[in-house]
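Q: I'd like to learn how to read a protein model. Can we go through one together?

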Amino acid sequence: MITRAEIVSEARAWIGTPYQHQAHLRGVGCDCGGLIGGVAVALGIVPPDWWDTEFARHAGYARQPTGDSLIDVLSEFMTATDSDTAQPGDVVVMRFKLDPTHVGFLADYVHGGLSLIHALNGIGVRAVTEHRIDAQWRNRVTHAFKMPGVN
């Protein structure tokens, strides 16, 4: 069984990986979904060929998911949990406008509280990064999921 601490540790090992749409290779490139799947593969939560077998039907996804398409995909691989009580190692889904479009891992922030590890494609940052979750980021969270086999 994989622990939440192992998920957070592996996600932190991806910090600095450049943002690249539809990529999922630590140190080379990934997007927000590639980070989630890449961590799951690295920890053996899903098999090494998961990208080519299970996830293949979702290949070619858009940069901006529409409607609940992101939630639908995550629901195939993970278990929904209450976003208000989500813990380090859980995956949170966020929206910036109308639809949920972004995912990342919750982590324990070094100065207390929670942080977010995610592949950011924003102004000044185009890489996997970690930062504290403030009220603005917390208000973006719409859903949370637990990785398979994690308590």
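Q: Which residues does phenylalanine 105 touch, not counting residues up to four places away in sequence?
A: A handy way to read a side chain is to list its contacts. Bear in mind that this model is predicted. Here phenylalanine 105 touches Ile7, Ala11, Leu35, Ile36, Val39, Gly89, Asp90, Val91, Ser115, Leu116, Ile117 and Met147, leaving out residues up to four places away in sequence.

Q: Is threonine 101 buried or exposed?
A: Here you compare relative accessibility with a cut-off: under 20% means buried. Threonine 101 has 14%, so it counts as buried. You'll find threonine 101 in strand β5, which covers residues 100-108. Beyond its neighbours within four places in sequence, threonine 101 is in contact with residues including Cys32, Gln64 and Phe96.

Q: How many helices and strands does the protein have?
A: Start by counting elements, then look at the overall size. This protein has four helices and eight strands. Its radius of gyration is 14 Å, close to the 15 Å the globule rule gives for 151 residues, so the protein is as compact as a globular protein of that length.

Q: What share of the residues count as buried?
A: That's a quick whole-chain check. Of the 151 residues, 46% count as buried.

Terms used:
Residues numbered from 1 in each chain as written. Predicted model: local features only at pLDDT ≥ 70, side-chain atom pairs only at ≥ 80, totals over all residues. Heavy atoms only, no water. Helix = DSSP H or I, 4+ residues; strand = E, 2+ residues; numbered from the N terminus. Buried < 20%, exposed > 50% of the residue type's maximum accessible area, 1.4 Å probe, protein only. Contact = heavy atoms within 4.5 Å. Rg over C-alpha atoms; globule rule 2.2 N^0.38 Å.
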